[in-house]
2 protein chains.
Amino acid sequence: MKAKLILFLTLVVSYCAAFAQTPKAIEAEKGLIKISVMYPYAEGKTFNMTYYQTKHMPMVAAYLGTNLQKYTIDKGLSAGMPGQPLPFAAIGTFYVKSLSEYQSAIKPHLDAIRADFPNYTNITPVILVSEVIK
Amino acid sequence: MKAKLILFLTLVVSYCAAFAQTPKAIEAEKGLIKISVMYPYAEGKTFNMTYYQTKHMPMVAAYLGTNLQKYTIDKGLSAGMPGQPLPFAAIGTFYVKSLSEYQSAIKPHLDAIRADFPNYTNITPVILVSEVIK
């Protein structure tokens, strides 16, 4: 009887824990700082997504240590309205806990990061620092 | 003895399920389509984040049904380099499974969405459609 009760309680707690995981994962980004490296698209601009994904982004990510919560890569497809130019060819985003820690970690590697640009693009990126509100 | 074995197996399965949840949640965005509504910052431009977060974004999200996987809101803080202008005051992003479903769902509400703009901003947004590569 006691064993059955324990089994029942274990099941209840396990299911609660499993379902509680989803909103936790969704809300986990709130309050994080995003550094978005945005590559504006224009005629004659090139971008090698394979190199960016397999070489450049992992290299930069490796400089950031445990401050880095995750990083994402977006491939620009189109503008919102037909006939409008594509705003960005690609966007790479680092999600970090601390902006100042990110800046300290990146600083000694800035030359190496910039020297890698010509290996995948001829676009000068625009950088946005933002806070995840939701 | 049998009850103890069941209890043990339940615990093992539960823990596996709990830990399996995290990578699943992280990789869940790959392949999704993002519609990013980006509000370029400039002198004299205003943006009411409270209205945007509590009224505008929930209104648009409600039009999208089960195609919408999640939506996020970013508040622009600064450019990547000191002295550079802030590129965007805010970015609202819808993560959807199907772009064509998104377009069909939004079309009948475009006038209502645009009519709501003056309630929180005097910025004309730039829209980027992108694919989550990583």
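1. The side chains of B:Asp74 and A:Lys34 are joined by a polar contact of 2.8 Å; a polar contact is a pair of N or O atoms within 3.5 Å, where within protein one must be able to donate a hydrogen and the other to accept it, and residues adjacent in sequence count only if both atoms are side-chain atoms. The side chain of B:Asp74 also makes a polar contact of 3.3 Å with that of A:Ser130.

2. As to the basis of these values, this is a predicted model in which local features need pLDDT of at least 70 and side-chain atom pairs count only at pLDDT 80 or more, while totals for chains, interfaces and linings use all residues; side-chain values use heavy atoms, with hydrogens and water left out. Residues are numbered from 1 along each chain as its sequence is written, with chains lettered from A and ligands numbered from 1 in the order in which they are written.

3. B:Asp74 belongs to strand S2 (residues 68–79) of chain B; helices (H or I, at least four residues) and strands (E, at least two) are DSSP runs numbered from the N terminus. B:Asp74 counts as buried because its relative accessibility is 4%, the classes being buried under 20% relative accessible area, exposed over 50% and partly exposed in between (1.4 Å probe, protein chains only). Leaving aside residues up to four places away in sequence, B:Asp74 touches residues of chain A, including A:Glu131, A:Val132 and A:Ile133, and residues of chain B, including B:Met49 and B:Ala89; contact means heavy atoms within 4.5 Å.

4. Helix H2 (residues 49–63) of chain B has 15 residues and should span 21 Å at 1.5 Å a residue; its end C-alpha atoms are 20 Å apart, which agrees. The expected span is 1.5 Å times one less than the number of residues.

5. At its start, a side-chain oxygen of B:Asn48 reaches to within 3.1 Å of the backbone nitrogen of B:Thr50. Just after the helix, B:Gly65 takes a positive phi of about 60°.

6. The buried residues of H2(B) are B:Met49, B:Tyr52, B:His56, B:Met57, B:Val60 and B:Ala61. An α-helix has 3.6 residues a turn, so residues three or four places apart point the same way. The buried residues of H2(B) pack against strands S1 (33–40), S2 and S3 (88–96) and helices H3 (99–106) and H4 (110–116) of chain B.

7. Chain A comprises 4 helices and 4 strands, in the order α-β-α-β-β-α-α-β from the N terminus. Of its 134 residues, 42% are buried. Among contacts in chain A with a separation of 6 or more, 79% join residues 24 or more positions apart.

8. Within chain A, A:Thr72 lies in strand S2 and is buried, with a relative accessible area of 7%. The residues that A:Thr72 touches, not counting those up to four places away in sequence, include A:Met57, A:Ile91 and, from chain B, B:Lys134. A:Gly65 lies in the loop between helix H2 (49–63) and strand S2 (68–79) of chain A and is partly exposed, at 49% relative accessibility. The C-alpha atoms of A:Gly65 and A:Tyr102, 37 residues apart along the chain, are separated by 9.1 Å.
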